[in-house]
Amino acid sequence: ERLRTLYDDGFYLKGKDDQLRIGGWLQADSRWYLDSDHPESDTFLIRRARLDIRGVLEYDWAYRLYGTLIGERNGILQEGWLEYRKYGGFRIRGGQFVEPFSLEAIYSARWTDFMERAMIVNALAPQEDIGIMAFGKVWDDQLTWAAGFFNGQGRNRDAVVNDKDFTTRIVYSPFHSSSLTYLKDLYVGGSFSTGNNERDLSGVEFTTQGFTPFFEFQSGVAQDDRLTRWGLELEYLYGPFNVKSEYLSGHFQTVESGDRSTDFNVDGFYLNLGYILTGENSPRDVPIRPRVNFDPSLGGWGAWQ
């Protein structure tokens, strides 16, 4: 069968049982601080620029090569993985990808409610790492689960110890198959991650959403012990309304500097409320589909949240 071409949020080549999608996106930003003595400068910037190649081979195999084009000291590969997906309840993915931890961390940066994720998510969520993961949806898609083992060093970094970090996340939608329409999109879940690893914490910063550091580890600080993180999450969508909330906590065991050591705890939460003024239904980790496209010349003002 001949390949078909089409464009829908990316350029597609489609065959009988194969598919290739090539896409990309860019987010521009500006930061302006009202305090003239603020340590950061007012600036325009390219916040994110990504190139995305993904596809399906023979129905059962999926792959992705996902690169970032700015500000990467460890190369441009953001994600690169191969996935066996014949069984929806049990899929296997290997390579570099986002660890299954935190509601907001696994959302694409294109569809988060704000351009920056919450401070506690940036501080604790492991983001991309190299490893292997099993995941899927079961019980008529009411339960989403994922569990995997990872190097624990972050993006594009080899392991430095034999032990591997273990990360898991479970999300339950108790009324997904119910006739109670106002509860169908209620999701509750939790994440857990632990690993005995070596981490150089020198210069690691916790920052505000404007990327102003408010805590920084001094030079020579390291951890050679267990890091345990856990979180609880809630998401609810009904018509144009949505609410998202998480509580995350992390325990850094034996943080050392010279001959001194201590345990270090971090915890926090966020609450997001959203309402789509133009009446569309709130989506879940996908873009809002406007009822009328943005075209002022034709009286169309798109979707506003």
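T68 belongs to strand β5, which covers residues 61-68. Strands (E, at least two residues) and helices (H or I, at least four residues) are DSSP runs, numbered from the N terminus. The side chain of T68 forms a polar contact of 3.3 Å with the side chain of R50. A polar contact is a pair of N or O atoms within 3.5 Å; within protein, one atom must be able to donate a hydrogen and the other to accept it, and residues adjacent in sequence count only if both atoms are side-chain atoms.

Residues are numbered from 1 along each chain as its sequence is written. Because the model is predicted, local features need pLDDT of at least 70 and side-chain atom pairs count only at pLDDT 80 or more, while totals for chains, interfaces and linings use all residues; side-chain values use heavy atoms, with hydrogens and water left out.

Aromatic rings were examined next. Rings of Phe, Tyr and Trp (its six-membered ring) pair if their centres lie within 6.5 Å; planes under 30 degrees apart count as stacked, over 60 as edge-to-face and the rest as tilted. By this rule, the count comes to 14 aromatic pairs. The pair of F215 and F264 is stacked, because the ring centres are 5.3 Å apart and the planes meet at 20°. F215 is located in strand β13 (residues 213-216) and F264 in strand β16 (residues 260-275), so this pair ties together parts that are 49 residues apart in sequence. F215 is partly exposed, at a relative accessible area of 31%, whereas F264 counts as buried, at 18%. Both residues belong to a cluster in which ring pairs link F206, F215, F217, F252 and F264. Within this cluster, F252 is placed in strand β15 (residues 241-257) and counts as buried at 7% relative accessibility. F252 and D224 are 28 residues apart along the chain, and their C-alpha atoms are separated by 9.5 Å.

Charged groups over aromatic rings were also identified. A charge sits over a ring if NZ of Lys or CZ of Arg is within 6 Å of the ring centre and within 35 degrees of the ring normal. R93 lies over the face of F97, at 5.8 Å from the ring centre. R284 is placed over the face of Y187, at 3.5 Å from the ring centre.

Several loop residues were then considered. Most residues other than glycine have a negative phi. E58, which is not a glycine, has a positive phi of about 50°. E58 is found in the loop between β4 (43-57) and β5 and is partly exposed, at 47% relative accessibility. D285, likewise not a glycine, has a positive phi of about 60°. The loop between β16 and β17 (294-295) contains D285, which counts as partly exposed at 28% relative accessibility. N281 lies in the loop between β16 and β17 and is exposed, with a relative accessible area of 57%. N281 and F166 are 115 residues apart in sequence and 36 Å apart in space, C-alpha to C-alpha.

Rolling a probe the size of a water molecule over the atoms shows where empty space is left. On a 1 Å grid over the protein atoms alone, a cavity is a set of points where a 1.4 Å probe fits but cannot get out, and lining residues have an atom within 4 Å of a point. Grid points are joined across faces, edges and corners, and a volume is the space filled by probe spheres set on the points. A search of the whole structure finds 1 cavity of 30 Å³ or more. The largest cavity holds about 40 Å³ of space, and its lining consists of L103, E104, Y107, T112, D113, K244 and N272. This lining divides into 2 nonpolar, 2 polar and 3 charged residues, where Ala, Val, Leu, Ile, Met, Phe, Trp, Tyr, Cys and Pro count as nonpolar, Asp, Glu, Lys and Arg as charged, and the others, Gly among them, as polar.

Key. On a 1 Å grid over the protein atoms alone, a cavity is a set of points where a 1.4 Å probe fits but cannot get out, and a pocket is an open set with protein on both sides within 12 Å along at least five of seven lines; lining residues have an atom within 4 Å of a point. Buried means under 20% relative accessible area, exposed over 50%, partly exposed in between (1.4 Å probe, protein chains only).
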